[in-house]
Amino acid sequence: MGPYRNVLLFAGVAVLFILTGLLQSWNLSLNILNLALLSCIMAIGVNIQWGYAGLFSTGIVGSVALGGLAVALISSKPVPEGWAAGGPRILGALLFAAAAIALAVWLYRRLNAGTNRALALALYLVVVFFIYRAILDPAVVAVEANNPAQAGNIGGLGLNSLLAWPVGALMAAAAAWVIGKIALGLREDYLAIATLGIAEIIVTVMRNEDWLARGVKNLTGLPRPWPVPREVDLQLNPAFLEPVQAMGLDPVTASTIFVKLLYATMFGLVLVLLVWGCERALNSPWGRMVRAIRDNEISSAAMGKDVKFRHLQIFIIGSAVVGLAGAMMTSMEGQLTPPSYLPLRFTFLIWVMVIVGGSGNNWGSILGGLLIGWLYLAVEFLGPQMMDVITAGLPAGDLKDHLQDTAAQMRLLTLGVVLLLVLRFAPKGLIPEK
């Protein structure tokens, strides 16, 4: 297979999507493709952290959630009544908290180490916390009391969600800076625990703070990014309807396929630009430096490299890429659903993509994202069909019912089997690092 191995691997994955379109529906195939493309972008973000610098972060879901939150804050409809009820006071409370934390850091550096410093800072933080809650709580109650069935939040800016994509990356990068300052000095296993815990804090805040984006009530009706139209508008547009009818196609099906193709084009363009930038960076002196730090931190530090700064830099860049993908996903779905941000989907699955594809290789991350993205979603409908075939000869009863009920778990079983096979026969991934 030699030099054509990678081409054949990508061709094999393309065949999976084509067969899904031919045997199931092209709507389903394109839907899986769009989600897989977003997963590829997330996988590249994780690959930047792990493949380039060896940073083992399990807080991916937090960056994805912050990207989704950016879409809610930038493109959701404004709620003037909610903002007037307590928006400025909430903003003031958050600014007060930021200033208080900055002062705490300054005091920590200025005071001499010892028991007195610890007691003074503890007392200071307790007092500051109660002041912060005294400012925040009345404002939150006032905002959430404003039409809680349909609003109960401060609302957004009402802008096109395309503008929220870079904002999502910036929000994830800002959170990564804070997390990195706290956790990057920890050993690998402690870093994984710390990032997972902080990510869960981010998701928990989004679920419980209704004033921010309606929490578990979900925020629906988010506008689509320019220039993606709604299917209903296409079905009423003569410029689209006439050629579709002339070709003998169903306008409803054609409109949904057209919209999904637009999303695939936009996501594909972002992915191409991202890979182009990552490849240039990886093959530059900067890329060789970060890989040298990954391979031997002590030697790199002895040669004058700022290991801590480079780790923070890589951590921020990788998180920003994941946050960008999170914003793109929320703008495509048109809603923000905090309960859907689960570590299984947005941490474990992305790590499987990177491991299967090949860490340290951008093309491996793309291959892993497409392959595992297809498997994760395709098994959802293939599992029950396969189980129906397997149990066709069994008589009706508890055993047959039990086997059919377990079909829903075939997704996890399939991922586990694929991961084990790759680790056994290709431990460096399908496309290993050069």
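**Contacts and burial**

Analyst: Leaving out residues up to four places away in sequence, V307 touches I293, E297, S300 and A301; contact means heavy atoms within 4.5 Å. This is a predicted model, in which local features need pLDDT of at least 70 and side-chain atom pairs count only at pLDDT 80 or more, while totals for chains, interfaces and linings use all residues. Residues are numbered from 1 along each chain as its sequence is written, and side-chain values use heavy atoms, with hydrogens and water left out.

User: Is V307 buried or exposed?

Analyst: Buried means under 20% relative accessible area, exposed over 50%, and partly exposed in between, with a 1.4 Å probe and protein chains only. V307, which is in helix α14, has a relative accessible area of 12% and is therefore buried. V307 and A174 are 133 residues apart in sequence, and their C-alpha atoms lie 20 Å apart in space.

User: Which residues have the most contacts inside the largest nonpolar core?

Analyst: In soluble globular proteins, nonpolar side chains tend to be buried together. A nonpolar core is a set of buried Ala, Val, Leu, Ile, Met, Phe, Trp, Tyr and Cys residues joined through side-chain atoms within 4.5 Å. The largest core here has 118 residues, and F267, Y341, V356 and I372 have the most contacts inside it. Helix α2 (residues 26–53) supplies the largest share of this core, 14 residues. Leaving aside neighbours within four places in sequence, F267 is in contact with N34, L37, L38, I41, W165, M328 and M332.

User: How many aromatic pairs does the structure hold?

Analyst: Rings of Phe, Tyr and Trp (its six-membered ring) pair if their centres lie within 6.5 Å; planes under 30 degrees apart count as stacked, over 60 as edge-to-face and the rest as tilted. The structure holds 8 aromatic pairs. F56 and W351 form an edge-to-face pair, 4.9 Å centre to centre with 65° between the planes. F56 lies in the loop between α2 and α3 and W351 in helix α15 (residues 343–357), so the pair ties together parts that are 295 residues apart in sequence. F56, at 30% relative accessibility, counts as partly exposed, whereas W351 is buried at 9%. Ring pairs also link W50 with F56 and W351 into a cluster.

User: Which residues is R291 in contact with?

Analyst: R291 lies in helix α12 (residues 285–295) and is buried, with a relative accessible area of 18%. Neighbours within four places aside, R291 is in contact with Y52, L282, E433 and K434. A polar atom of the R291 side chain lies 3.1 Å from the backbone oxygen of L282.

Note on methods
Helices (H or I, at least four residues) and strands (E, at least two) are DSSP runs, numbered from the N terminus. A polar contact is a pair of N or O atoms within 3.5 Å; within protein, one must be able to donate a hydrogen and the other to accept it, and residues adjacent in sequence count only if both atoms are side-chain atoms.
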